[in-house]
Amino acid sequence: MNSDVIRISALLLLAACADFSRGPEADAALDGAPAGSLSDGGSSSDGGGGFAARAAPILASNCQRCHNAGGQASASRLVLTGDAARDRATVLALISTSNPAGSPLLIEATGQGHGGGAILRSDGADYRTLLDWVSQGGKP
């Protein structure tokens with residue numbers, strides 16, 4: 001029972017907006033989380049749709065809370081507005097269609113070089129959806 005309370009508390013904290021105090025500890029917490037938890041559920045990598053249908057909702061729910069004009073990460077390269085066309089232009093500068101998994105967007109989302117720690121699991125559905133979108137050329 002006590003370990004369940006601790007696990008639930010940890011998941012709730014990790015699922016919230018990344019804050020710059022989390023740092024590397026988030027990686028360790030994510031490593032022990034069961035598949036399908038945290039920020040990896042709900043999206044499908046079915047190959048359909050473009051940025052507005054697939055990538056924008058993931059970024060809005062996982063990144064925009066901090067990555068907005070007034071947010072903690074407003075000085076970063078990723079500042080989201082909520083307007084899919086404008087946000088896609090910003091996000092395109094952070095992807096590599098020739099090396100999708102090496103895209104800064106995906107690398108930082110998993111916590112590497114990201115001041116807010118890990119946001120997505122590399123084995124999670126949201127990550128796979130973004131990877132698929134990048135692999136398909138970052139279509140609109």
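Student: How many disulfides does the structure hold, and how do you know?
Tutor: The structure holds zero disulfides, a disulfide being a pair of cysteine sulfur atoms within 2.5 Å. The closest cysteine sulfur to that of Cys 63 belongs to Cys 66 and is 8.9 Å away, so the distance is too far for a bond. This is a predicted model, in which local features need pLDDT of at least 70, side-chain atom pairs count only at pLDDT 80 or more, and totals for chains, interfaces and linings use all residues. Residues are numbered from 1 along each chain as its sequence is written, and side-chain values use heavy atoms, with hydrogens and water left out.

Student: Does Cys 63 count as buried or exposed, and why?
Tutor: Buried means under 20% relative accessible area, exposed over 50%, and partly exposed in between (1.4 Å probe, protein chains only). Cys 63 has 12% relative accessibility, so Cys 63 counts as buried.

Student: What makes α6 largely enclosed by the rest of the structure?
Tutor: Helices are DSSP runs (H or I, at least four residues), numbered from the N terminus. Eight of the eleven residues of α6 are buried, so α6 is largely enclosed. Among the buried ones are Tyr 127, Leu 130 and Trp 133. The cover over the buried residues of α6 includes α3, α4 (84-92) and α5 (104-109), where contact means heavy atoms within 4.5 Å.

Definitions and conventions:
Helix = DSSP H or I, 4+ residues; strand = E, 2+ residues; numbered from the N terminus.
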